[in-house]
Structures are given as C-alpha cells and as structure tokens.
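Welcome! Here is a short tour for anyone meeting this structure for the first time. Take a moment to turn the model around before reading on.

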Amino acid sequence: MIKRQKSQAEQTARFTTVSQWSGSEVTEVRGTEGVAEKSQVAILGYHKIGRPSASAWDTWYYISEEIFERQLRCIAESGWEVIDAARFLQGLNDAGSLPDRSVLLTFDDGYQSILRCALPHLNAFGFPAVIFVPTGFVGDVSRFDENTSEPMEPICSWDELRELQRGGISVESHGVSHCRFSAVDRSRLVFELESSRRAIIKELGANSEIFAFPYSDPGSDYRVTTSALVDAGYRCAFLYRGGAQSFPVSDVYRIARIPVGREIELGQILTSP
C-alpha cells in the first residue's frame with residue numbers, strides 16, 4: 001500500500017519541531033553563549049538525495065539531484081570553504097586553523113542514494129563530506145523508519161561505504177539501532193556508542209571520532225551521555241538543529257547543525273551575519 005504524501009503544512013510542522021526553525025531565525029545550540037567568535041562553520045545536515053525508490057513516497061527529506069547540485073554551486077560561489085572531517089576535528093583544538101567561514105557537509109542514516117546520487121555531484125565540485133551510519137542497518141533498509149511518516153529506503157553495505165570512503169566521504173557513527181537516547185538506559189546508550197564505533201573501525205579501518213545523535217536526541221541526562229561519549233572515544237557529537245557553529249566551541253558534545261531540505265535557501269543562510 002502506498003502511503004499518501006504529507007501535506008506541506010505537515011512537513012513544515014515536522015521540520016519546525018525538529019530544527020526549531022522560526023522564520024529566518026534558528027535556535028542557538030547549548031554551549032555557544034558567551035564564546036568569542038573567531039570563525040563560523042555551517043554544518044549542513046542532509047538525508048536523502050534523488051527520487052524516492054519505487055516503494056517509497058516523497059517527503060521533505062528528499063532533495064532532487066537538480067536542487068542538490070544547485071545548493072553545492074551556491075556553496076562554491078558563496079566564499080565559504082568546504083572542509084573535511086579531519087580539518088573540522090583539528091579546528092576543535094585549534095580554531096585558528098579554520099577559515100573564517102567554512103562548510104561541513106553531512107548526511108544522516110547511510111542511504112544508498114548518497115553513493116548513487118550525491119557522490120557524483122560532490123566529486124564534480126571536489127567537496128568532501130561526512131556520512132553518519134547506524135551500523136545495525138548496514139546492508140539492510142531503514143527499518144527505524146517503519147511505522148513512521150518516512151518510507152524505508154536501502155542503506156549502504158560495507159562495500160558501498162568503502163566506495164564512499166574512496167570518494168572522499170568520512171564514515172562516522174549514528175549509533176547501532178538509530179534509537180532515541182532519552183528512551184534507553186545507560187547500558188544501552190553505552191552499547192550504541194561503543195559497538196557502532198568498533199564496527200566502523202573493524203570494517204573500514206577508520207577511527208570514527210564524530211557522533212550524530214539520532215533524532216537530535218542527546219538523552220535525558222547530560223552528564224551520563226557526555227561521559228559515555230568521552231569513554232567511547234568520540235571527540236565531538238552533532239545535534240540536528242541550530243545555525244552556523246561558532247568557534248572555538250565550548251561544548252563539543254552538543255554541536256549545532258543546520259537541517260537541510262529542498263525548500264531551504266542556502267544563499268540566505270550563508271549570507272546571514
């Protein structure tokens with residue numbers, strides 16, 4: 001059975017809830033208040049590039065290749081410099097090593113469309129990126145979307161993730177089961193963090209050091225989550241809300257990201273003061 005496409009009002013309402021977007025304003029991530037701004041990093045959060053698969057339906061999170069190419073061209077012409085994961089991590093320790101204005105491109109969930117549709121455009125512009133993968137679904141479909149308003153789509157296999165690596169995309173952790181951290185106890189939270197990182201290291205030989213919270217949910221206890229992230233070996237963690245991140249960062253485990261969909265005008269975001 002094909003589910004109906006959500007109305008524009010429903011899609012906008014969902015985005016407002018997730019990103020706390022209000023007109024031209026975005027909420028500020030915890031930890032940036034009072035920090036002297038030396039540079040800005042616009043961390044852009046994508047999900048799906050290209051058309052929905054045959055059994056799926058269209059939602060706000062799908063960005064056509066045409067729009068994606070236009071967004072990349074906007075970035076290329078904006079004066080903002082696209083950086084890779086390694087340079088971003090360097091900037092956490094040395095904010096002066098970053099450009100005054102830079103962009104980090106990120107993709108959540110590890111959809112195959114990133115390999116099929118996004119990578120050719122990224123390579124055409126010479127842009128690196130980061131993909132956050134829930135390791136329990138590698139080579140499967142996005143079963144975490146079952147019984148939600150989002151359709152299930154194929155997730156990259158380990159071989160496909162290796163291909164993305166060779167194409168300049170850093171593979172990082174999105175947990176194991178894509179669960180909400182506020183809905184699990186500490187032992188499960190530790191499992192999600194440690195097991196996913198070990199799997200990436202084992203399969204890809206990559207020292208995964210960046211974590212993205214599924215559903216932008218860092219858990220109900222700040223100290224427990226932060227301690228578990230440190231113990232598991234992560235150097236920082238990303239939310240899925242907020243605006244451009246100021247550097248130096250006072251709270252590296254609650255870093256802001258800008259949710260990006262097909263209706264977002266990147267030109268306005270990148271020209272905002």
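F88 is buried, with a relative accessible area of 0%. This value, like the others below, comes from a predicted model. F238 is buried as well, and its relative accessible area is 0%; since anything under 20% counts as buried, both residues qualify.

The structure holds 13 aromatic pairs. Another of them joins Y46 and F107, and this pair is stacked, with 5.3 Å centre to centre and 25 degrees between the planes. Y46 is found in strand β3 (residues 39-46) and F107 in strand β7 (residues 101-108), so here the parts tied together are 61 residues apart in sequence. Both Y46 and F107 are buried.

| Pair | Arrangement | Centre to centre | Between the planes |
|---|---|---|---|
| Y46 and F107 | stacked | 5.3 Å | 25 degrees |

At Y215, the charged end of R180 sits over the ring, 4.0 Å from its centre. The ring of Y234 has the charged end of R197 over it, 6.0 Å from the ring centre.

Now let us visit a helix. Which residues of α5 (residues 158-166) are buried? They are W158, L161 and L164. Viewed down the axis of α5, the buried residues fall within an arc of 110 degrees, so they line one face of the helix.

What do the buried residues of α5 pack against? Their partners are the helices α4 (112-125) and α6 (186-204), along with the strands β8 (129-133) and β9 (169-173). On the other side of α5, by contrast, D159 and R166 are exposed. Follow the chain just past the end of α5 and you reach G168, which takes a positive phi of about 95 degrees.

Definitions and conventions:
Residues are numbered from 1 along each chain as its sequence is written. This is a predicted model: local features need pLDDT of at least 70, side-chain atom pairs count only at pLDDT 80 or more; totals for chains, interfaces and linings use all residues. Side-chain values use heavy atoms; hydrogens and water are left out. Buried means under 20% relative accessible area, exposed over 50%, partly exposed in between (1.4 Å probe, protein chains only). Helices (H or I, at least four residues) and strands (E, at least two) are DSSP runs, numbered from the N terminus. The arc is that of the directions from the helix axis to the C-beta atoms. Contact means heavy atoms within 4.5 Å. Rings of Phe, Tyr and Trp (its six-membered ring) pair if their centres lie within 6.5 Å; planes under 30 degrees apart count as stacked, over 60 as edge-to-face and the rest as tilted. A charge sits over a ring if NZ of Lys or CZ of Arg is within 6 Å of the ring centre and within 35 degrees of the ring normal.
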